[in-house]
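Biologist: Hey, I'm new to this one. Can you walk me through a few spots?

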Amino acid sequence: MKDALSQFRKVLSLSFFDLKFFKLIFENRSMTAAAKSLDITVSAASHRLSSLRETFDDVLFVRSQPNMVPTSKAHELYPVVCEILGQLERLTAPKEFNPHSLRRTFRVGCVDNALLTVLRRFVEKFYEMAPHCHLEFQPINKNLFKRLEEGKLDAAILPSIHELPPNIREMFLYENAFCLCVRKGHPLTETHRRKGELTPEDLRPFKRVVISHTRQTAEQVYCIDERRLATDAPLEAALSTPYFLTVPPILAKSDFIALLPRDTAETLSSWPEFPIEAIPYTPPSGYGSYYTRLIWHERTDQDVELQWFRGLFSLLARKAL
């Protein structure tokens, strides 16, 4: 009896997300399928399974290609997990949810280029579906994860180049890469045309513009850092700015260079007021691409209104490129 009560308490200590993850693996016999259903990476799923194994002191699922075979412990836990999930879903399921009549402020942390890239299709559709709601965009700073935990932010857009604490969920939107931005007629344009690629040594003579949302001496929460430009001696920085939208006028009147996300670079280089161009650049450091993603705190997993909000993000932002 004591052992059964202990197991029940362990199950109760898990988040809804963990319970759903366990149930999906049990029913599909596949961690990959469970990861896909929950919109997380296989790597994140592997970490979550490791955490479940540690909680119950049991491997829970044994690999037997191509399936994951539940252990006897997993078979014991399955009906308990199903019961708790059912109760939670009944408690949290609204009698009626209609975004058209919803009145709520949704707070999103992001950098300034998000409105040009990730959010450009989302905003229009959001107000079409929820005309009485309000969107509030807030800057990203070193307190980002704390603000998500405290409910001061509902979600944030943060590239996968930044690590997340364990209580933060993620949803990958699309894969992105980097481009090197320079003014029209910049010497590197001819170098790229002639060689077909750029190397760190080609960049060496030119100062860079750094996109950073903190001072150089502070904790870097959002920074396009030097590792993505070169692997040896750092390039000299001309200036630092927290705003992507200030880059075109700076580049257009100088020989400075800037490493920008591909979607941002392509959008900014289309502005006729500031003649700049984006040059494909593959860093030798192995940081050539990343994923644009939406993040949120696990405590909001079962907020139906935020589930709708994140679902709209998933539907529209994935097709941003």
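This is a predicted model: local features need pLDDT of at least 70, side-chain atom pairs count only at pLDDT 80 or more; totals for chains, interfaces and linings use all residues.

Biologist: Where does threonine 71 lie?

Modeller: Threonine 71 is in the loop that runs between strand S2 (67-70) and helix H5 (72-92).

Biologist: Is threonine 71 buried or exposed?

Modeller: Threonine 71 counts as buried, because its relative accessibility is 13% and the cut-off for buried is under 20%.

Biologist: Which side chain does the side chain of threonine 71 make a polar contact with?

Modeller: That's aspartate 58: the two side chains make a polar contact at 2.8 Å.

Biologist: Val59 was on your contact list too. Where's the place of valine 59?

Modeller: Valine 59 sits in a loop as well, between helix H4 (42-56) and strand S1 (61-64). Its relative accessible area is 44%, so valine 59 is partly exposed.

Biologist: Which residues make the nonpolar surface patch?

Modeller: Val59, Val62 and Val69 make that patch, and it covers about 220 Å².

Biologist: Switching topic, what about aspartate 39?

Modeller: Aspartate 39 is in the loop between helix H3 (31-38) and H4. With 26% relative accessibility, aspartate 39 counts as partly exposed.

Biologist: How many residues apart in sequence are aspartate 39 and serine 314?

Modeller: They're 275 residues apart in sequence, yet 9.5 Å apart in space, going from C-alpha to C-alpha.

Note on methods. Residues are numbered from 1 along each chain as its sequence is written. Side-chain values use heavy atoms; hydrogens and water are left out. Patches are made of residues with over 30% relative accessible area and no salt bridge: like charges are joined within 9 Å, nonpolar side chains (Val, Leu, Ile, Met, Phe, Trp, Tyr) within 5 Å. Accessible areas come from the Shrake-Rupley method with a 1.4 Å probe; for residues, only the protein chains shown count as cover. A salt bridge is a side-chain nitrogen of Lys or Arg within 4 Å of a carboxyl oxygen of Asp or Glu. Helices (H or I, at least four residues) and strands (E, at least two) are DSSP runs, numbered from the N terminus. Buried means under 20% relative accessible area, exposed over 50%, partly exposed in between (1.4 Å probe, protein chains only). A polar contact is a pair of N or O atoms within 3.5 Å; within protein, one must be able to donate a hydrogen and the other to accept it, and residues adjacent in sequence count only if both atoms are side-chain atoms. Contact means heavy atoms within 4.5 Å. Lists of a residue's contacts leave out its neighbours within four places in sequence.
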